[in-house]
Amino acid sequence: MTEKLSDTARKTTLEPLLEAGWKLDDGRDAISKKYEFENFVEAFGFMTKCAIWAEKWNHHPEWSNVYKTVNVTLTTHDVDGLSSLDVKLARKMDGLAE
């Protein structure tokens, strides 16, 4: 079972994500990031690649796409906050966006 990130885990795992452009959401225990691509096809391709991993890990993002922009929010609803699954998916998304 997935657990909410401990204070120690937050410090060690969230700090690199924040340095990579992720932001802590105001009002809830979540992180978010805006990805910008060259065009709609690249943005949609990114979402498709991410969707495969999200389904594999059974951890799905809250996201939206408008033209070449993809806005992502990650949180684990089962624990009402951030978990290691969010960190794992955020790292994968960053890798897929490169």
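What we have here is a predicted model.

Let's start with the helix pair. Two packed helices are described by the angle between their axes and the distance between the axes. Helix 1 covers residues 7-19, and helix 3 covers residues 84-97. Their packing angle is about 30°, and the axes sit 11 Å apart. Helix 1 and helix 3 are therefore roughly parallel to each other. The handedness of their crossing is left-handed.

Which residues meet there? From helix 1, we have Thr13, Leu14 and Leu17. From helix 3, they meet Val87, Ala90, Arg91 and Asp94. By class, that contact of helix 1 with helix 3 has 4 nonpolar, 1 polar and 2 charged residues.

Now the core. In soluble globular proteins, nonpolar side chains tend to be buried together. In this model, the largest nonpolar core has 21 residues. Which of them have the most contacts inside it? They are Trp22, Ile31, Tyr35, Phe46, Val70, Leu74 and Met93. Helix 1, strand 2, helix 2, strand 4 and helix 3 each supply at least two residues of this core. For your screens: strand 2 is 31-36, helix 2 is 40-57, and strand 4 is 69-74.

Two of those core residues deserve a look. Take tryptophan 22. Setting aside neighbours within four places in sequence, tryptophan 22 is in contact with residues including Leu17, Ile31, Tyr35, Val72 and Leu74. Ala90, Met93 and Asp94 are also among its contacts.

Next, tyrosine 35, in strand 2. Buried or exposed? Buried, because its relative accessibility is 5%, and the cut-off for buried is under 20%. Leaving out residues up to four places away in sequence, tyrosine 35 touches Trp22, Phe46, Val70, Val72 and Met93, among others. Lys68, Thr69, Ala90, Asp94 and Ala97 are on that list too. For scale, tyrosine 35 and alanine 9 are 26 residues apart in sequence. C-alpha to C-alpha, tyrosine 35 and alanine 9 are 25 Å apart in space.

Last stop: lysine 92, in helix 3. How exposed is lysine 92? Partly, with a relative accessible area of 24%. What does lysine 92 touch, not counting residues up to four places away in sequence? Trp53 and Trp57. Lysine 92 and tyrosine 67 are 25 residues apart in sequence, and their C-alpha atoms are 22 Å apart in space.

To recap: helix 1 and helix 3 are roughly parallel, tyrosine 35 is buried, and lysine 92 is partly exposed.

Note on methods. Residues numbered from 1 in each chain as written. Predicted model: local features only at pLDDT ≥ 70, side-chain atom pairs only at ≥ 80, totals over all residues. Heavy atoms only, no water. Axes fitted to C-alpha atoms, helices over the stretch in contact; angles between N-to-C directions. Helix = DSSP H or I, 4+ residues; strand = E, 2+ residues; numbered from the N terminus. Parallel < 35°, antiparallel > 145°, perpendicular 65-115°, else oblique. Left-handed = near helix turned anticlockwise from the far one by under 90°. Contact = heavy atoms within 4.5 Å. Nonpolar A, V, L, I, M, F, W, Y, C, P; charged D, E, K, R; others polar. Core = buried A, V, L, I, M, F, W, Y, C linked by side-chain atoms within 4.5 Å. Buried < 20%, exposed > 50% of the residue type's maximum accessible area, 1.4 Å probe, protein only.
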